[in-house]
Amino acid sequence: MEEAKQVPNTEANKEPNAEANNEPKTKARGQNKETEISDLGEFGLIRHLTENIKHVNQSTVVGVGDDAAQLSYGDKEVLVTTDLLLEGIHFDVRYVPLKHLGYKSVVVNLSDIYAMNGTPRQILVSLGVSSRFSLQHIEELYAGIRLACDTYGVDLVGGDTSASATGLIISITCIGDARKEDVVYRSGAKPTDLICVSGDLGAAYMGLQLLERENRVAAQSGDPNFQPDFSGKEYILERQLKPEARRDIVAELRKAGIKPTAMMDVSDGLSSELLHLSNDSGVGVRVYEDKIPIDYQTAVMAEELNMNLVTAALNGGEDYELLFTVPLTDHEKVEKLPGVHLIGYVTKPELGAAIVTRDDTEIPLRAQGWNAFTK
């Protein structure tokens, strides 16, 4: 990991380094003058975006400004996850605000750490940026990244930047910690365990469908001032554009004295995650159609688009809720937790994975969630 060396923040060294020791040029986009990123150079850009970042965790010894971040955890387990977001595959900048994109890029990584019952501490951000993006665009992206860091108490400690010939590329690595005895894996579910999920499902997918529909309508209208009407649909838009990691659920579980036997976040769709849990734990699962939590706006949007609501909730993805199992002995405790829903139970492996419909028919679960390599 290579980063620009930090220098004291004095008046004498506020000028760009040798890569760009002239005043950055500007170009006009609409009515605003915008700075060319190439005028700052890689290290000038890194300095510009990170010079005022302050650390909040004692475990951050050295952050941005050296060849590697130095982290001290003592007797705790280190948890590391990374996620890659590609323009045209994971997001479309025609209808995704860059600040929201930056925020979401961080949150999806934090969610993985919470899903292992850990606490995220640091992130590293790497960007591939094409010439379509100005300094102001990347500042907007970083505003979202920094907002997520502030919201969740996470330090930005490094990363990398590069030119890109294919649009915007975002890669974020998150480092967290947990006590060894607290770490939860996907592989710990046992027969008779209860299957739980936080929040509600399918809203993010319906928000994406809404955005894509309105984008098509705007293109067909030919009106550059076209304004979509999102009134009454704010919740599903927020679930798609600005999801939140469920640290509150992790905190409630700890407060109630419940340690899940298995846990993961719902990023690729509930059906896919249940099959992961089933395969990794070597168990069967049964979930009930009428127990799957679905928000009213999600249901309305599915009806408006003539889509099957349960299919959307099972396979939509990007919910970033927590799917977890708990021992049957914790039934009363988990029932009292706010925002947690019992949706099924764990069975013997030979019974496989299935959903039980409202008329008591068992249908085998299929992994129909997000697949980045689907053509």
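This is a predicted model: local features need pLDDT of at least 70, side-chain atom pairs count only at pLDDT 80 or more; totals for chains, interfaces and linings use all residues.
The chain holds 10 helices and 15 strands. Of its 375 residues, 49% count as buried. The accessible surface comes to about 18,600 Å². Carbon and sulfur atoms supply 49% of that surface.

In soluble globular proteins, nonpolar side chains tend to be buried together. In this model, the largest nonpolar core has 67 residues. Leu 110, Ile 123, Leu 156, Ile 170 and Phe 324 touch the most other members. Helix α2, residues 98-115, contributes the largest share of this core, with 9 residues. Leu 110 shows how the 67-residue core is joined up. Beyond its neighbours within four places in sequence, Leu 110 is in contact with Pro 120, Ile 123, Tyr 152, Val 154, Cys 174 and Ala 245. One of these partners, Ile 123, is also listed with Leu 110 among the residues that touch the most other core members.

Aromatic rings were examined next. A pair of aromatic rings is described by the distance of the centres and the angle of the planes. The whole structure contains 2 aromatic pairs. The rings of Tyr 114 and Tyr 152 have centres 6.4 Å apart. Their planes meet at 50°, so this pair is tilted. Tyr 114 belongs to helix α2, and Tyr 152 to helix α3, residues 135-152. The pair therefore ties together parts that are 38 residues apart in sequence. Tyr 114 is buried, at 6% relative accessibility. Tyr 152 is buried as well, with a relative accessible area of 7%.

Tyr 288 and Tyr 345 form an aromatic pair that is also tilted. Here the distance is 6.3 Å centre to centre, with 40° between the planes. Tyr 288 lies in strand β11, residues 284-288, and Tyr 345 in strand β13, residues 340-347, so parts 57 residues apart in sequence are tied together. Tyr 288 is partly exposed at 28% relative accessibility, and Tyr 345 is partly exposed with a relative accessible area of 32%. A charged side chain also sits over a ring. Lys 242 lies over the face of Tyr 103, at 4.2 Å from the ring centre.

Helix α7 spans residues 270-281. Its 12 residues reach 16 Å from first C-alpha to last, close to the 16 Å expected at 1.5 Å a residue. The helix is mostly covered, with 9 of its 12 residues buried. The buried residues are Leu 270, Ser 271, Ser 272, Glu 273, Leu 274, Leu 275, Leu 277, Ser 278 and Ser 281. Gly 282 follows the helix and has a positive phi, near 70°.

Several loop residues deserve a description. Pro 260 lies between α6, residues 247-255, and β10, residues 262-266. Pro 260 is buried, at 3% relative accessibility. Leaving aside neighbours within four places in sequence, Pro 260 is in contact with Val 184, Leu 253, Phe 324, Thr 325 and Val 326. The C-alpha atoms of Pro 260 and Gly 188 are separated by 8.5 Å. These two residues are 72 residues apart along the chain.

The loop between α9, residues 309-315, and β12, residues 321-326, includes Glu 318. Glu 318 is not a glycine, yet its phi is positive, at about 65°. Tyr 320 is found in the loop between α9 and β12 too. Its phi is near 55°, a positive value in a residue other than glycine. Tyr 320 is buried, with a relative accessible area of 8%.

Thr 357 sits in the loop between β14, residues 353-356, and β15, residues 362-364. At 15% relative accessibility, Thr 357 is under the 20% limit and so counts as buried. Not counting residues up to four places away in sequence, Thr 357 touches Glu 289 and Ile 363.

Conventions. Residues are numbered from 1 along each chain as its sequence is written. Side-chain values use heavy atoms; hydrogens and water are left out. Helices (H or I, at least four residues) and strands (E, at least two) are DSSP runs, numbered from the N terminus. The expected span of a helix is 1.5 Å times one less than its number of residues. Buried means under 20% relative accessible area, exposed over 50%, partly exposed in between (1.4 Å probe, protein chains only). A nonpolar core is a set of buried Ala, Val, Leu, Ile, Met, Phe, Trp, Tyr and Cys residues joined through side-chain atoms within 4.5 Å. Contact means heavy atoms within 4.5 Å. Rings of Phe, Tyr and Trp (its six-membered ring) pair if their centres lie within 6.5 Å; planes under 30 degrees apart count as stacked, over 60 as edge-to-face and the rest as tilted. A charge sits over a ring if NZ of Lys or CZ of Arg is within 6 Å of the ring centre and within 35 degrees of the ring normal. Accessible areas come from the Shrake-Rupley method with a 1.4 Å probe; for residues, only the protein chains shown count as cover.
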